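Hi,

Here is the structure I promised to pass on. Have a look at it first, and then read my notes below.

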Amino acid sequence: MKLSVLVFINALAVALALSIVNFYFRHSWYDSSITFAISFVTSYIVFYYLIEKYVYSKIKLIYKLIHNLKLGRDLRDALGESVSTDPIQDVEQEVKAWAKEKKVEIEALRSQEKFRREFLSNISHEFKTPLFAIQGYIEAILDDNFEDTDMAEQFLQKASKNVDRLSYLIKDLDEISKLESGEIPINFSRFKINDLIKEVFESLEIKAKQHNIKLVFKQKYDDPIPVNADRDKICQVLINLIDNSFKYGKQGGNTSVSVFELHDQVLVEVTDDGIGIEEKYLPRLFERFFRTDASRSRQIGGSGLGLAIVKHIVEAHQQVINVRSTEGLGSTFGFTLQKAKQPAIPLIPILNS
């Protein structure tokens, strides 16, 4: 409601009340009309001044502060100071929208704080486990004074494996950090995703046999599907996803890769028939160090950063990755890539003989 309308209604109410009282005592329409006119003008001027100075100006200031705060400095500088023509009506909507926005921000900050605490706890645990193991092996060797050389050699080998695990952790953390900051560039090139899948299958063939898992490509290698992406990074994505299927697949099972051509994208899916994942864990699956079964995950190895790296690489390509899973039946990880445009065929002029 505009200020003038608000003041008019209040002044009209006062004037009507006074004129009715006047008519009740004097029984004169003329006197009541004079009373109505004088009281209406006087009330309108007084109410307008008081409401404008002590109420309306304060509401207008609150509205301006909240509105400009929502716009941000850049938009405010570009658009100038924004003042509503009816701040009394708009301030309620602005306050509600501002409160809703702040509530979302607070919830996001709480979620980030929870993630930060969990991340620090997880990374502390991941580093402490191999460090304590190395410390224990070295202390056992020192206490034995190298008298049992066979035991010393075994302990040194185990310590070496834990050093390797620490190296993997540091390497993966460094890679995620560089991907987030953009320090690792994405070198786009045109290549056939079929050929890359074939290379990845060949490189993981021995590991697949060790896990007794069969690798299956559901398309034909000789049907070229060109994409535009960083070949080395996508190779890493495929290796991480297929290696993940080995860890959580079943003995004698299959890991299949499918490729689907969309309008301007290519969808690549990696499917296993393993233990599957509970639905409640799916939203957090790409978080760093997140494990659905911590004890089993540590037994089968890995840094716990593989899926986080996959997500960062795919998002660095401005593409999306998703997962669907049914507990006891298996999981499917799918990510999109930009489809490469077909090169233009040069026109060969036909010469008349």
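Let me start with two helices that pack against each other: α8 and α10, the latter covering residues 306-316, have axes 9 Å apart and meet at an angle of about 150°. Keep in mind that this is a predicted model. The crossing of α8 past α10 is left-handed. If you want to click through the residues that meet here, α8 brings Lys-233, Gln-236, Val-237, Asn-240, Leu-241 and Asn-244, while α10 brings Gly-306, Leu-307, Ile-309, Val-310, Ile-313 and Val-314. Sorted by class, that contact has seven nonpolar residues, four polar ones and one charged one.

Helix α8 (residues 231-248) also packs with helix α6 (residues 193-203): their axes come within 10 Å and cross at roughly 50°. So α6 and α8 are oblique to each other. This crossing is right-handed. On the α6 side, the contact is made by Ile-193, Asp-195, Leu-196, Ile-197, Glu-199, Val-200 and Phe-201. On the α8 side, look for Arg-231, Ile-234, Cys-235, Leu-238, Ile-239 and Ile-242. What classes of residue make up the contact of α6 with α8? Ten are nonpolar, three are charged and no polar ones take part.

Now back to α10, which has another partner. Helix α5 (residues 149-181) and α10 have axes that come within 10 Å and cross at roughly 20°. Angles under 35 degrees count as roughly parallel, so α5 is roughly parallel to α10. Their crossing is left-handed. From α5, the contact uses Asp-172, Glu-175, Ile-176, Leu-179 and Glu-180, and from α10 it uses Ala-308, Ile-309, His-312 and Ile-313. By class, the residues in this contact of α5 with α10 are five nonpolar, one polar and three charged.

As for class, the lining of the second largest pocket has six charged, four nonpolar and one polar residues.

Cheers

Technical notes. Residues numbered from 1 in each chain as written. Predicted model: local features only at pLDDT ≥ 70, side-chain atom pairs only at ≥ 80, totals over all residues. Heavy atoms only, no water. Axes fitted to C-alpha atoms, helices over the stretch in contact; angles between N-to-C directions. Helix = DSSP H or I, 4+ residues; strand = E, 2+ residues; numbered from the N terminus. Parallel < 35°, antiparallel > 145°, perpendicular 65-115°, else oblique. Left-handed = near helix turned anticlockwise from the far one by under 90°. Contact = heavy atoms within 4.5 Å. Nonpolar A, V, L, I, M, F, W, Y, C, P; charged D, E, K, R; others polar.
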